[in-house]
Amino acid sequence: MLLQIPGVLRPDELAHVQATLGGAEWVDGRVTAGHQSARAKHNRQLPEDSAAARELGRIVVAALERHPLFVSAALPLKIFPPLFNRYESGESFGVHIDNAIRMVRGSAHRVRTDLSATLFLGEPADYDGGELVIEDTYGAHSVKLPAGHLVLYPASSLHKVQPVTRGARIAAFFWVQSMIREDAQRALLFDLDGAIQRVAAGDAGHPALVQLTGVYHNLLRRWADA
Ligand code: NI
């Protein structure tokens with residue numbers, strides 16, 4: 001499932017993130033790349049352990065945790081601390097697949113990357129190129145979203161970032177270990193949750209709601225790691 005989630009950051013949070021990144025020190029993005037992807041990766045990143053990356057990462061994670069659509073779609077168990085990247089002057093990231101397991105720097109924690117996410121932090125009009133192209137069984141999907149919007153997709157997908165030919169593309173990216181490892185099961189729960197929300201919006205007292213909510217939770221109980 002490839003899902004666009006609008007309005008993850010509030011305007012005040014977005015302005016703060018953009019201002020902080022505007023004055024940040026960037027390093028070669030290959031510091032966090034795996035052996036294969038390092039050959040394809042040409043961009044810059046905030047150092048993972050910099051004060052700016054930690055502070056902005058906390059803002060992004062807090063925003064995700066209060067966003068009902070993100071929670072419903074990802075069913076997050078662990079969120080990897082977000083990283084921040086910048087592409088300019090023809091920089092790109094060729095086709096690759098993200099590592100299955102990521103160590104959280106400076107800790108013994110590991111995150112299994114079930115879902116990959118990119119949070120766009122610049123407006124599309126401010127740069128040319130820089131589309132995130134994600135391949136799935138339906139073909140290639142080109143994604144370039146307004147600032148503060150997120151795309152969530154299975155980390156098992158091949159993907160790339162097209163060369164940025166004007167301006168700079170700034171984004172946060174991170175991974176989610178979901179309570180539901182299998183994409184197909186997670187997609188079913190997301191559809192069921194959406195249907196329950198729509199029934200509830202029309203008639204909060206509908207007698208089928210208790211039963212449907214029970215089905216949702218009983219599937220979650222069968223399938224979830226918690
Ligand atoms: Ni990637």
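Tutor: Contact here means heavy atoms within 4.5 Å. The model is predicted, so local features need pLDDT of at least 70 and side-chain atom pairs count only at pLDDT 80 or more, while totals for chains, interfaces and linings use all residues. Residues are numbered from 1 along each chain as its sequence is written, and side-chain values use heavy atoms, with hydrogens and water left out.

The residue is asparagine 43, in the loop between β3 (41-42) and β4 (44-45); strands are DSSP runs of E with at least two residues, helices runs of H or I with at least four, both numbered from the N terminus. Leaving aside residues up to four places away in sequence, asparagine 43 touches Val27, Asp28 and Gly29, as well as Asn85, Arg86, Tyr87 and Glu91. With tyrosine 87 there is a side chain to side chain polar contact at 3.1 Å (a pair of N or O atoms within 3.5 Å, where within protein one must be able to donate a hydrogen and the other to accept it, and residues adjacent in sequence count only if both atoms are side-chain atoms). Asparagine 43 counts as buried because its relative accessibility is 4%, the limit being under 20% relative accessible area with a 1.4 Å probe and protein chains only.

As for the whole chain, 45% of its 226 residues are buried. The chain has five helices and 16 strands. Of its contacts with a separation of 6 or more, 76% join residues 24 or more positions apart. The C-alpha atoms fill a box of roughly 60 × 35 × 35 Å along the principal axes.

Key. Buried < 20%, exposed > 50% of the residue type's maximum accessible area, 1.4 Å probe, protein only.
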